[in-house]
Amino acid sequence: NRTFRGFAPRAYSDAPIEVPGLNPDFSVHGFQWKGVRWALERGKGIIAADVGVGKTPRALILNQLLRS
């Protein structure tokens, strides 16, 4: 189990990523960049977050990054 086997969750940076074609006026929060980095590293996953915390912008950014 995680307590006794030395599980250490990976930390992701909240620094912005250069996204080709993204409008510079589009504001993305740090926690959203962390989610984008997590999904990019894994190559798959479900963005399961509470209502109103930016699942759609994350999905659009992921789509744009994977297309380029």
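Begin by selecting P16, which has its place in the segment before α1, where helices (H or I, at least four residues) and strands (E, at least two) are DSSP runs, numbered from the N terminus. The model is a predicted one, in which local features need pLDDT of at least 70 and side-chain atom pairs count only at pLDDT 80 or more, while totals for chains, interfaces and linings use all residues. Residues are numbered from 1 along each chain as its sequence is written, and side-chain values use heavy atoms, with hydrogens and water left out.

P16 counts as exposed, at 63% relative accessibility; here buried means under 20% relative accessible area, exposed over 50%, and partly exposed in between, with a 1.4 Å probe and protein chains only. Select W33 and R37 as well, since P16 touches both when residues up to four places away in sequence are not counted, a contact being heavy atoms within 4.5 Å.

Now zoom out to the whole chain. The secondary structure of the protein chain comes to 2 helices and 0 strands. Its radius of gyration is 14 Å, well over the 11 Å that the globule rule gives for 68 residues, so the chain is more spread out than a compact globule; this radius is taken over C-alpha atoms, and the rule is 2.2 Å times the number of residues to the power 0.38. Turning the C-alpha trace along its principal axes, you will find spans of about 45 × 25 × 20 Å. Of the 68 residues, 19% count as buried.

Next, select E41 and R10, whose side chains meet in a salt bridge (2.2 Å, N to O). E41 lies in helix α1 (residues 30–42) and R10 in the segment before α1, so the pair ties together parts that are 31 residues apart in sequence. The structure holds 1 salt bridge, the term standing for a side-chain nitrogen of Lys or Arg within 4 Å of a carboxyl oxygen of Asp or Glu. E41 is partly exposed, with a relative accessible area of 43%, whereas R10 is exposed, at 55%.

Move on to helix α2 (residues 55–67), where P57 is found. P57 counts as partly exposed at 22% relative accessibility, and P57 touches F26 and Q32, leaving out residues up to four places away in sequence.

R58 also lies in helix α2. What is the nearest side chain of opposite charge to R58? It is D50, 9.1 Å away, and R58 is buried yet has no salt bridge; for charge, Lys and Arg count as positive and Asp and Glu as negative, with His and the chain ends not counted. Among the residues that R58 touches, beyond four places in sequence, are F31, G35, V36 and V53.

Finish with the largest nonpolar core, by selecting its 8 residues: V19, V28, W33, V36, A39, I61, L62 and L65. Such a core is a set of buried Ala, Val, Leu, Ile, Met, Phe, Trp, Tyr and Cys residues joined through side-chain atoms within 4.5 Å. The elements that give two or more residues to this core are α1 and α2. With V36 selected, look for I17, R58, I61, L62 and L65, which are in contact with V36 once its neighbours within four places in sequence are left aside.
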